[in-house]
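Colleague: I would like a close look at a single part of this model. Please take me through it step by step.

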Amino acid sequence: MNSEARKLVRYIRSVGVDVHTTTKARGNQGFFLKNRIDISKNIPEERVIPTLIHEFTHYIHSKIEPFMEKTGGTVEKIFDDNEPKFYADELLEVTKFVDKNSKFETLNYHKELLKNEISDYEEIIKARYPDFMRSKDFKEFDKYIKDSDAKYLLKYDRIKLVKRGLNSKTAVYSVDNIEEDFPGMPKEFCAYIRLKSCQKKQSRISSKINRLTKYYSRPTELFARLTEGIYINSEQIKKLAPNCYKRFFELLNCGYYKELSGLSDYFKFIME
């Protein structure tokens, strides 16, 4: 940790916040809970100050808006404005700039790949069963699979079956090896099992995107990424969020953000 980061840690501790810099921060770059900030010992040095600012902003927000850890806070209270019509959209743009992961580019890329795979498997099935529809039961397949161990691959991509008895044995099956594990299974049915596997993966990705969208949209996270962004590139944040930028400095200078004003040297105000 460089001298500038140590100076910031000393300031945050001076206002009564417990700061730890040698933990794993629960797998995050940083973590705030109640009166404690953890900064991961594993993050790059250039990320220490932005992460400290981010987590300290959560602390300040908790003083402005009690219980924000549970509720996520409100844009109205953050900007002391009962009509925050401009702020929310601007803050989302700031978040996309500050944290590239918030755009879900990798997740959407894999989701699109799965979509294409599903279409390919559907074509294989329809070549023999032209009436096949993903939204309806595949009766021919259901009849074929009911007495086969392959039915377990509809729920799991890889399974280990232990058959007990006089001649107990263990079998391992995988979606990747259907043809080897189940010789003679028609290619259309192999394609159907893989189609269902892709759908499960697609559903998991969609659930993750929905969960992360809720996280990134929480006002307290939007606020923390605003302060982080102003430190990283004040000029760009002003372009992306002119209303938030202007209001932030108005409230910072009048003391609304309490001890956050002690970080004024980290927030470069760009004049008109």
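This is a predicted model: local features need pLDDT of at least 70, side-chain atom pairs count only at pLDDT 80 or more; totals for chains, interfaces and linings use all residues.

Which strands does helix α2 lie across, and at about what angle does it run to β2?

Modeller: Helix α2 covers residues 48-64. It lies across β1, β2 and β3. Its direction is at about 15° to β2.

Now the sheet. It is open and has three strands. Their order is β1-β3-β2, and the pairing is mixed. The edges are β1, residues 18-23, and β2, residues 30-33. Each of these edge strands pairs on one side only. On average, neighbouring strands are turned by 15° against each other, with direction ignored. Strands of a sheet pair through backbone hydrogen bonds, and they may be parallel or antiparallel.

Take β1 and β3 next. Strand β3 spans residues 36-40. It runs parallel to β1, and four bridges join the two.

Is Glu 228 buried or exposed? Its relative accessibility is 3%, so it counts as buried, the cut-off being under 20%.

Stay with helix α10. Glu 221 and Arg 225 both lie in it. They are four residues apart, about one turn of the helix. The two form a salt bridge, with their closest N and O atoms 2.8 Å apart. Both Glu 221 and Arg 225 are buried. The pair also has a further partner: Asp 99, Glu 221 and Arg 225 are linked in a network of salt bridges.

For contrast in setting, look at Glu 105 and Lys 103. Their side chains meet in a salt bridge too, at 3.6 Å from N to O. Glu 105 has a relative accessibility of 52%, so it counts as exposed, since the cut-off is over 50%. Lys 103 is partly exposed, with a relative accessible area of 32%. Side chains of opposite charge can pair when their charged atoms come close. The salt bridge count comes to 14.

Methods. Residues are numbered from 1 along each chain as its sequence is written. Side-chain values use heavy atoms; hydrogens and water are left out. Two strands pair if DSSP finds at least two bridges between them. Axes are lines fitted to C-alpha atoms, for helices over the stretch in contact, and angles run from 0 to 180 degrees between N-to-C directions. Contact means heavy atoms within 4.5 Å. A salt bridge is a side-chain nitrogen of Lys or Arg within 4 Å of a carboxyl oxygen of Asp or Glu. Buried means under 20% relative accessible area, exposed over 50%, partly exposed in between (1.4 Å probe, protein chains only).
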